[in-house]
Amino acid sequence: MKYFRNLIISIILVLATLFLANKYLDSYLVMILSNIGIFIILAVSYNLINGVTGQFSLEPNGFVAIGAYVTALLLLSNDEKTMQFMLSDPSPLILWMHSSFIPALLISGIVASLIALTLAFPVFRVRGDYLAIVTLGFGFIIRIFAINQDSYTNGSMGLSNIPNEANLISIGVFALISVIVVLNIVYSKYGRAMKAIRDDEDATNAMGINTFKIKTIAFMTSAFFEGIGGGLMASLLTTISPEQFSFMLTFQLLIIIVLGGLGSTTGAIIATFLVLGGMEALRFLDEPNFFTNTAHPGLRMVVFSLLLILIMIFARKGLFGDREIWDKKWFNFKM
Amino acid sequence: MIQQILNALSLGSMYALIAIGYTMVYGVLRLINFAHGDIMMVGAFLAFTTYSVTSSFSLAVLVAIIGASITGMLTYKIAYKPLLDKNAPKISLLITAIGVSFFLENLFNMLYGGVPQAFNYPSIFDKEIHILGAVTNFASIFIAIFTIIVLISVLIFLNKTKYGKAIKAIAFDFYTVKLMGINVDFLILLVFLIGSALASLGGIFYAISYPSIDPLMGVLVGLKAFAAAVLGGIGSVAGAAIGGFILGFSEIFIVAYFPEFAGYKDAIAFFFLIFILLFKPTGIMGIDFERSRF
Amino acid sequence: MVQFQNVTKKFGGVIAIKDVNLHLNLGDTFGLIGPNGAGKTTIFNIITGNYKPTSGKVYFKHEDITDYKPNKIVELGIARTFQNIRLFSSMSVIENVMIGFHNHINYSFFEAIFRLPRFFRDERNFFNEAREILAILGLSEFESYKATSLSYGNQRKVEIARALATSPEVLLLDEPAAGMNPAESDELANILEKIKKEFDLTILLIEHDMKFVQKVCNKVLVLDYGKTIFEGSPSNMLKDENVIKAYLGDFI
């Protein structure tokens with residue numbers, strides 16, 4: 001039927017583009033596109049809990065870190081581990097864990113979503129906006145854990161020589177999968193329930209829906225793909241360390257989904273290109289430039305944070321609001 | 001042991017001062033003001049610069065308090081109030097708060113060159129004091145006593161004065177207070193003023209105790225102060241103080257008696273938060289603002 | 001069907017309702033009447049599980065539902081509408097109705113992700129059922145409209161449609177005729193009769209519009225300051241001394 005037809009066509013187009021890009025574009029561009037690909041996975045899944053379900057969360061940097069470390073530790077050989085772990089010897093669990101690329105990613109996703117489940121319990125059971133604070137703290141805790149548990153993570157030295165199995169094609173495929181999965185969720189009873197919770201949680205409960213369950217499903221799904229994104233990041237960059245997974249990562253994703261429109265998956269994809277491209281393009285702000293004669297490192301981020309504030313005050317619906325690029329306008333807004 | 005107690009009182013004071021701002025803003029606006037922790041940083045930096053320039057610490061403190069209060073009030077006026085007036089969904093407010101927080105951090109990062117600064121203060125604070133067989137410095141005593149005086153003042157203000165009682169009323173029923181012709185906007189500004197002033201004091205005290213300041217110093221401390229506020233009962237000023245001291249004591253004593261966990265001391269606040277959400281979400285002082293939602 | 005046994009509800013020092021007894025029998029169209037603030041919506045909220053009574057018990061078909069959570073009570077078969085219309089603003093009329101079907105739609109999360117046949121089957125079937133409900137309420141043409149863009153009266157009907165989708169045995173309507181002109185409230189009265197028959201419903205409604213109450217209710221309970229001041233038939237209610245005093249004051 002129509003759904004499958006459109007699906008196959010889109011998949012073929014995307015795969016074809018990926019193959020051609022990988023073959024013919026120069027490696028710098030391929031690297032940028034790979035990065036964008038990972039961020040697309042992160043953005044569309046972050047959008048699920050924040051935009052579609054309306055639960056303000058700051059979780060990505062934590063789950064991305066988890067995914068990155070799990071994948072790295074699964075991919076590194078024992079020789080590598082023994083060589084790299086300087087601060088203390090690798091623990092037996094670390095030496096035992098090993099798998100190939102795809103299973104490593106899936107395991108990363110599953111571990112992340114299970115941790116999300118344990119966070120969901122204290123947070124979603126209670127009224128109030130504690131998700132943001134708890135996830136913010138969670139990101140910190142993960143970093144503290146990564147820095148302190150040398151026998152598991154090699155502390156602040158991080159891990160390197162991670163097998164580079166991620167390339168534009170594999171990243172692109174995962175990006176495609178994550179977009180399809182998220183859209184399939186949104187266009188189902190689960191997506192409707194999530195949007196209902198966003199619109200009016202009490203009324204949603206009054207319709208018999210177990211809002212705790214739905215919020216937890218959304219949160220776990222976001223965590224799953226963020227874990228996979230982290231694993232891809234580890235394999236793409238081949239080195240990881242605790243400092244890479246700071247709040248800055250979450251902030252970038254936040255700007256992306258706000259710009260694209262909270263709740264819009266296509267908006268998130270387009271905004272990923274815009275924001276990552278913009279961050280590169282505006283690098284000049286940190287150097288002496290047209291506007292100022294001296295270097296002001298940090299000006300770029302000042303501009304971006306101002307941008308977020310301005311978008312929220314004046315254009316909080318972002319580019320697409322909560323709709324997709326193909327949604328027809330509602331028939332007749334006014335009556 | 002006495003040493004630890006005094007250290008804990010000192011640390012707890014700082015958390016308490018900052019936690020009060022979180023709890024008061026949450027009480028009147030139901031908003032977690034993410035930028036609040038950064039106000040503490042603003043206070044510390046303003047004091048730092050003023051003291052470097054004028055060598056008058058009292059002036060430095062004054063400038064810090066005024067500057068931080070203005071920053072806090074501006075945050076409300078420019079970033080939050082427009083959204084509140086538009087009846088924007090809560091999530092927009094929270095995102096904006098994060099934006100302001102990030103903006104302040106990056107602004108000060110840019111202004112001060114991205115490296116931590118050494119915070120100078122009058123040497124009187126380092127003066128050794130002998131109490132009950134323990135050695136501590138004047139700073140710890142001063143901080144603890146000053147904070148308790150401030151706390152009592154705030155509680156008196158909230159419970160005995162006209163403005164304070166009105167602020168408490170807003171926390172319970174925003175719209176009715178508005179309908180009664182009371183200038184709610186003014187009161188909310190007052191809340192931001194008090195909260196920011198206290199946070200800047202907390203920042204100065206923190207800088208005296210740990211004399212290296214950097215633009216991100218407010219983030220972790222702010223997070224912990226918020227956890228303390230929830231622990232004590234979000235919306236309750238006394239609760240914020242109680243939570244702050246409990247957290248201060250916990251951090252000092254756990255590290256003192258379990259040094260192997262020293263690296264995890266920052267996680268203690270997080271575990272308190274999870275614990276209280278699991279077992280008594282309304283916190284120790286337990287105020288449940290059951291606003292009529294139906 | 002639904003029974004209140006000596007239910008009292010206090011909010012801090014304020015007594016919202018005191019010692020209220022209510023018997024809603026199968027097939028009733030029961031009216032809850034009273035001046036504003038008399039405690040009618042409180043009674044609703046206690047039945048639906050949003051509030052817990054300070055004392056007393058609530059039964060549904062002899063089951064003690066006093067402590068049940070709201071979504072469990074809906075599963076048991078009690079659905080409600082809201083006084084101030086709470087439709088889902090980001091969704092269309094038919095999507096709002098589909099929310100009501102949520103618990104009845106069978107496919108699992110994974111069947112939705114992988115688009116297995118049961119997903120398509122359930123979506124198609126329930127969308128059609130939603131269309132049927134909309135047709136009964138005369139809302140078919142608005143199916144794809146943004147729910148909150150409809151007229152007030154039609155939004156009320158959408159809320160009823162959404163509640164019907166949960167397959168309730170008891171329907172609680174909070175001021176369904178509010179804001180309607182006589183023609184619209186007549187139409188609503190007819191619709192209520194229709195859905196009562198079609199869906200085998202027992203209805204409990206809060207209302208101020210006395211003509212409407214006379215038309216549709218077979219029993220009423222009048223509250224004043226949280227206490228029951230009359231119980232019986234609508235025609236007798238209008239003649240009752242206490243009721244008249246409550247509404248018009250004590251100048252007779």
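Guide: Domain bounds are taken from an automatic or database domain assignment. By that assignment chain C, the part to look at here, consists of domain 1 (1-77 + 169-252) and domain 2 (87-167). Between the C-alpha centres of domain 1 of chain C and domain 2 of chain C there are 27 Å.

This is a predicted model, in which local features need pLDDT of at least 70, side-chain atom pairs count only at pLDDT 80 or more, and totals for chains, interfaces and linings use all residues. Residues are numbered from 1 along each chain as its sequence is written, and chains are lettered from A and ligands numbered from 1 in the order in which they are written.

Next comes the contact between the two domains of chain C. Domain 1 of chain C puts 12 residues into this contact and domain 2 of chain C puts in nine, where two residues are in contact if their C-beta atoms, placed from the backbone, lie within 7 Å. On the domain 1 side, helix 2 (70-76) and helix 7 (182-199) of chain C each provide at least two residues; helices (H or I, at least four residues) and strands (E, at least two) are DSSP runs, numbered from the N terminus. Helix 7 of chain C gives the most to that side, with six residues. By type, the domain 1 side has seven nonpolar residues, one polar and four charged. Here Ala, Val, Leu, Ile, Met, Phe, Trp, Tyr, Cys and Pro are nonpolar, Asp, Glu, Lys and Arg are charged, and the others, Gly among them, are polar.

Chain C also has an open sheet of four strands, in the order 2-1-4-5, with antiparallel pairing. Two strands pair if DSSP finds at least two bridges between them. At the edges are strand 2 (14-24) and strand 5 (63-64) of chain C, each of which pairs on one side only. Strand 1 (residues 2-11) and strand 4 (residues 55-60) of chain C run antiparallel and are joined by five bridges. Opposite C:Gln3 is C:Tyr59, in strand 4 of chain C.

As for confidence, the mean pLDDT of chain C is 89, and 98% of the residues score at least 70; pLDDT is the predictor's confidence in each residue, from 0 to 100. The model has an ipTM of 0.90 and a pTM of 0.91.

The other chains can be described more briefly. In the contact between chain A and chain B, 36 residues come from chain B and 33 residues from chain A. Helix 3 (57-85), helix 4 (90-111), helix 9 (217-232) and helix 11 (267-279) of chain B each supply at least two residues of the chain B side. Helix 4 of chain B gives the most to that side, with 15 residues. The chain B side is made up of 26 nonpolar residues, seven polar and three charged.

Chain B also holds a hairpin. Its strand 2 (residues 128-131) and strand 3 (residues 134-137) run antiparallel, joined by four bridges. B:Glu128 has B:Asn137 as its bridge partner in strand 3 of chain B. Two residues lie between the strands of this hairpin, and B:Leu132 takes a positive phi near 50 degrees there.
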